[in-house]
Amino acid sequence: MIKGYEVVVGLEVHAELNTKTKIYCGCKNSFGLEVNTQVCPICLGMPGTLPTLNEKVVEYAIKMGHALNCTINRICKQDRKNYFYPDLPKSYQISQADIPLCQNGYLDVIMEDGIKRIGVERIHIEEDAGKLLHSDKFDGSLVDFNRCGVPLIEIVSKPDMRGSDEAKAYLETIRSILKYIDISDCKMQEGSIRCDVNVSVHKPGEPFGTRCEMKNVNSFSAAVRGIDYEANRQIEILEAGGTVDQETRRWDDQKGISVSMRSKEDAQDYRYFPEPDLLTIVVPEEKVLMLKETLPELPNAKIMRYEEQFGLGRSDAAMIVDVVEKSAFFEKCIDAGCKSPKLLSNWILGEISKFMNEGTAIEDTKLTPEKMAELVNFISDGKISTAVGKTVFDIIVKEDRDIASIIDEKGLAQVSDASALEAIADEILAANEKSVADYKSGKTNALGYLVGQCMKASKGKANPGAMKEIILRKLGG
Amino acid sequence: MNLYEYPAYELSEMLKSKKISSVELTKDIIKRTEEVDGRVSAYLKTDPEMSLEAAKNADQLIASGKAESKLAGIPVGVKDNISTKGIATTCASKMLENYVPVFNATVVDKLTEAGCVISGKLNMDEFAMGSSTETSYFKKTKNPFDLSCVPGGSSGGSAAAVSCGEAVIALGSDTGGSIRQPASLCGVVGLKPTYGRVSRYGLVAFASSLDQIGSFGRCVKDVALLTDEISGHDPMDATSVNMNYPSLYDNLSSDITGLRIGIPSEYFGEGIKPEVADSVMNAVKALENKGAKVIPISLPSTKYALSAYYIIACAEASSNLARFDGVKYGYRAKDCDGLTDMYEKTRSEGFGREVKRRIMLGTFVLSSGYFDAYYKKAKLLQKRIQQEFADAFKTVDSIITPTSPSEAFKIGDKISDPLAMYAADICTVTVNIAGLPGLSVPCGYSEAGLPYGMQIIGRKFDEQTVLNLGYAHELAFGGFRRPKI
């Protein structure tokens, strides 16, 4: 709700599928290669060439259909969407019009205040277009056709989202599912997932307002900014007594504004008709069922399970589940006998995320689930402190070594022995008279400093809980 | 008799027994072409050096005993909408005047592998749109029987070349009659195979759901031979049908005893010249005398076929020809002011009148608000026509009609009257709409000596029955009559 208006959002998400080859020819489907090298007469639309459907594309789309609880149209067709643009070599895009491969599904997204169900109108398959390139060295535009014929699915939601927060949650969940069922690389910066946004506003209790479609939304955060901007723009118009025109607008993320592209009257007539070069798609019932069975546990279910089964907080669970590799590692560690899922999640979201964010994959290190589970168990059993754990972690990331022997060799076992800890405490308290005085005058955060100094003096081996108790006793005494 | 006058199946024996070489034969075709093509204008492009090189290779192939195909060493003409790697494929359009494909059509690959010699690229109506070969941007092909008459179209170059000996056999394409009608007008044999029998890969599309590549020859045997060579499933063409294609040539038989021939009244009435209808009925009587049964039938939706055909064909054409936009290859207009201007000028200048007319018609019938009234209705009619044929084939084995409502007309007679031109397809379009095989064989001559043609239609993939009837007819009627040129 913004200024007493309800905001209605519908989304069209285009996701490039990560099949080995393109949708209608044998060219490699890969990003970032030299311009116009991943092309053949077919994806260049040369006269006389014909498309043949890559069946993997149908399988991938059906998987997504199952993940979004859709009805699968086992029998469907492909259609031509006709329009002229230099990046579209045939001057038509092969897509699906009235009978999409999947339809009438939904997606439950987890919001702070509970689960929100968002309807999915349809999922259809289509081919991507090329890309225009501009260079100062050249008067005019250049075309890179590498992306022509890259397979896409378009996921069209119902207008069920009520603001940018729900849209964001929806987009993130869609992205997560795409990654879990491994049908898209979901790399925003490579354009492998893009969206068009439909926004309208209305007063509660009144019918839906006129919607505007926004194109060129290239990131999820841009979607949030765009929706908020567009809702406010429409509200301002209505508040000033005006009416919203149905139109297509272009989001300019740098300027943070949307600008009109074309009005409803100028809407393009795509003259859809059935693609005569391709046969009706007929997927055997068994295959549809088989594809459903091969679906992995989906991210939302995983988040719920991590909460219930392992007692993780929702945001921790969500952060682990958000990255397939983290979640997989988490589960492997549990399988390897890790006794403290909570502690494990801290390590994954802390140290492991740190090196992953720097671009190092877990497989690129010496870290195994077995080692990680063992390390967490050492800590949770109180055999080593977290600080020592960090030292051990840094070693087992780089070297394939036995944890117990590292601890032995370096004498890192946690010290819980009272007399040893007392000696350290006495030493530190004597050396930090000012802090002791501070504490006694009521500056309680001096305690943390003193315990920290003790830990340091013990080279991290002291049991921090026991250490704290001793210091407290001595200060209080 | 000159070598160029022999049928392919005899030349094949002569080549095999080394009585002649492919080089000798090819030289004779080149010589004949030099003699008559100035008057007939069948070819858009010949490359004698390249052809002779191919002939030399064919001779080696035959000498090595590795030639499996009966067509090894035989010169074949190719319609200019069939892609030939490294050889301009213009579709007789200014738009593609300088377009050279980087790949071969599947049929060209098949012929090349068989050891055929490509004798050149043949003239046609621009983008196969027309029934007279007059819409070619480059030249008008003449009918070898009367140089003031059209050869028919759109495969007019193929029909004329085979008719006057500039090619032994030739490939054409047929979307609404473009093989059968010119075959009829030029007194040769032409077969449009069942949709899906021959790969369309590399055929520059006019109407994808109706286009089919097929064969021209001066006799049924030659057409059977060439059709055998190009038939077969192609993984590059999703609409090509994966099944067994037994040799039509090997199974050719003139025994037609008991075959039931349907005569649909709708194809013999209004719009058909009585002399043409009579000559077809005379040929049917001859077949009856050879043991066939003649059964009158009715195909009542025929009267809607032309409308349905032009809607579907133009709709698909408007989309298929959209790729010719000046961006990637082909013609691009000079001095353009921005992208839209470039598109408009390029397409206005690059396409001829008939092509633009059909693109506009097709764009209209697909437009929002008109789609249901035109395209959807036409598709419903298509279903009905298909059903009528399917029902008819429950009681007959074949259907015989005239191929063209009249003999060849004068050049210029119909070019300014599109509807009169479209009516030239009245007997042939239903066969494409229903996806059936259709053969045209010469069955008579006008007083002025211009050929009439008879169309024999069969069940899907039953080219054998169609060709057998054609063969029996040919034996009864007499073989190819050479034009005096």
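1. What distance separates the centres of domain 2 of chain A and domain 3 of chain A, taken over C-alpha atoms? In this predicted model, the separation is 30 Å. Five residues from domain 2 of chain A and six residues from domain 3 of chain A form the contact. The side of domain 2 of chain A that touches domain 3 of chain A comprises two nonpolar, three polar and no charged residues. The assignment places domain 1 at 6-290, domain 2 at 297-410 and domain 3 at 418-476 of chain A.

2. Chain B contains 15 helices and eleven strands. The C-alpha atoms of chain B occupy a box of roughly 65 × 55 × 45 Å along the principal axes.

3. Of the 485 residues in chain B, 60% are buried. Among contacts in chain B between residues at least 6 apart in sequence, 76% link residues at least 24 apart.

4. Strand S11 of chain B, residues 451-458, has eight of its eight residues buried. In a regular strand, side chains alternate between the two faces of the sheet. Pro451(B), Gly453(B), Gln455(B) and Ile457(B) point one way from S11(B), while Tyr452(B), Met454(B), Ile456(B) and Gly458(B) point the other way.

5. S11(B) pairs antiparallel with strand S9 of chain B (residues 398-402) through five bridges, and Pro402(B) stands opposite Met454(B). Strand S10 of chain B (residues 438-445) is also antiparallel to S11(B), with seven bridges; there, Pro442(B) has Gly453(B) as its bridge partner. The hairpin of S10(B) and S11(B) has five residues between the strands, and Gly449(B) adopts a positive phi near 85°.

Technical notes
Residues numbered from 1 in each chain as written. Chains lettered and ligands numbered in written order. Predicted model: local features only at pLDDT ≥ 70, side-chain atom pairs only at ≥ 80, totals over all residues. Helix = DSSP H or I, 4+ residues; strand = E, 2+ residues; numbered from the N terminus. Buried ≥ 20, exposed ≤ 12 C-beta atoms within 10 Å, placed from the backbone. Contact = placed C-beta atoms within 7 Å. Domains from an automatic or database assignment. Nonpolar A, V, L, I, M, F, W, Y, C, P; charged D, E, K, R; others polar. Pairing = 2+ DSSP bridges.
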